[in-house]
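Open the model in your viewer and keep the selection tool at hand. The tour goes stop by stop.

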Amino acid sequence: MMKKHRYVVEYSQSQKAFHIQPMTDAVEANARRFWHRPNEMFDWVPVYVGTRRQCELMVVQSEQRIRKEEEPVQWMH
């Protein structure tokens, strides 16, 4: 049984975007998609589960990490 007030952070590589939604909604959407169009699944990947606030903080941290990894490396001689 899923806890009430649990949220999930999902990430889409193709859209390079995060999404927060109630965990029950995410599971229901994925199940519906699977049963109706199993060969056309979403590319949203769950990366974190917590309270709404915890998920918001995770998105901020994750966006910062992605930006940092995208920064070009400068080599000094």
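**Stop 1: a pair in helix H2**

Select Glu56 and Arg53: both belong to helix H2, three residues apart, about one turn of the helix. Helices here are DSSP runs of H or I with at least four residues, strands are runs of E with at least two, and both are numbered from the N terminus.

Before going on, note that this is a predicted model, in which local features need pLDDT of at least 70 and side-chain atom pairs count only at pLDDT 80 or more, while totals for chains, interfaces and linings use all residues. Residues are numbered from 1 along each chain as its sequence is written, and side-chain values use heavy atoms, with hydrogens and water left out.

Now show the side chains. Glu56 and Arg53 meet in a salt bridge, 3.6 Å from N to O. The term means a side-chain nitrogen of Lys or Arg within 4 Å of a carboxyl oxygen of Asp or Glu. Side chains of opposite charge can pair when their charged atoms come close.

Arg52 and Glu56 are four residues apart in helix H2 (residues 52-70), so about one helical turn separates them. Together, Arg52, Arg53 and Glu56 are linked in a network of salt bridges.

How exposed is each member? Arg53 is exposed, with a relative accessible area of 52%. Arg52 is partly exposed at 37%, and Glu56 is partly exposed at 29%. The cut-offs are under 20% relative accessible area for buried, over 50% for exposed, and partly exposed in between, with a 1.4 Å probe and protein chains only.

**Stop 2: further along H2**

Select Arg65 and Glu69. Their side chains meet in a salt bridge of 3.0 Å, N to O. These two are four residues apart in helix H2, so they too are separated by about one helical turn. Arg65 is exposed at 57% relative accessible area. Glu69 is exposed at 56%. How many salt bridges does a search of the whole structure find? It finds three.

**Stop 3: the core**

Clear the selection, then pick Tyr7, Val9, Tyr11, Phe18, Ile20, Cys55 and Val59. These seven residues make up the largest nonpolar core. Such a core is a set of buried Ala, Val, Leu, Ile, Met, Phe, Trp, Tyr and Cys residues joined through side-chain atoms within 4.5 Å. Which elements give two or more residues to this core? They are strand S1 (7-12), strand S2 (17-22) and H2. The largest share, three residues, comes from S1.

Zoom in on Val59. Leaving aside neighbours within four places in sequence, Val59 is in contact with Val9, Phe18 and Ile20. Contact means heavy atoms within 4.5 Å.

**Stop 4: two ring pairs**

Rings of Phe, Tyr and Trp (its six-membered ring) pair if their centres lie within 6.5 Å; planes under 30 degrees apart count as stacked, over 60 as edge-to-face and the rest as tilted. By this rule the count comes to two aromatic pairs.

Select Tyr11 and Phe18. Their ring centres are 4.7 Å apart and their planes lie at 50°, so this pair is tilted. Both Tyr11 and Phe18 are buried.

Move to Phe34 and Trp35. This aromatic pair is edge-to-face, at 5.0 Å centre to centre and 80° between the planes. Phe34 is found in helix H1 (residues 23-36) and is partly exposed, with a relative accessible area of 40%. Trp35 is exposed at 67%.

**Stop 5**

Select Lys16, found in the loop between S1 and S2. Its phi is near 50°, a positive value in a residue other than glycine. Most residues other than glycine have a negative phi. Lys16 is exposed, with a relative accessible area of 55%.

Last, select Ala26 in helix H1. Is Ala26 buried or exposed? At 6% relative accessibility, Ala26 counts as buried. Leaving aside neighbours within four places in sequence, Ala26 is in contact with Val8, Glu10 and Gln21. Draw a distance from Ala26 to Glu10: they are 16 residues apart along the chain, and their C-alpha atoms are separated by 8.8 Å.
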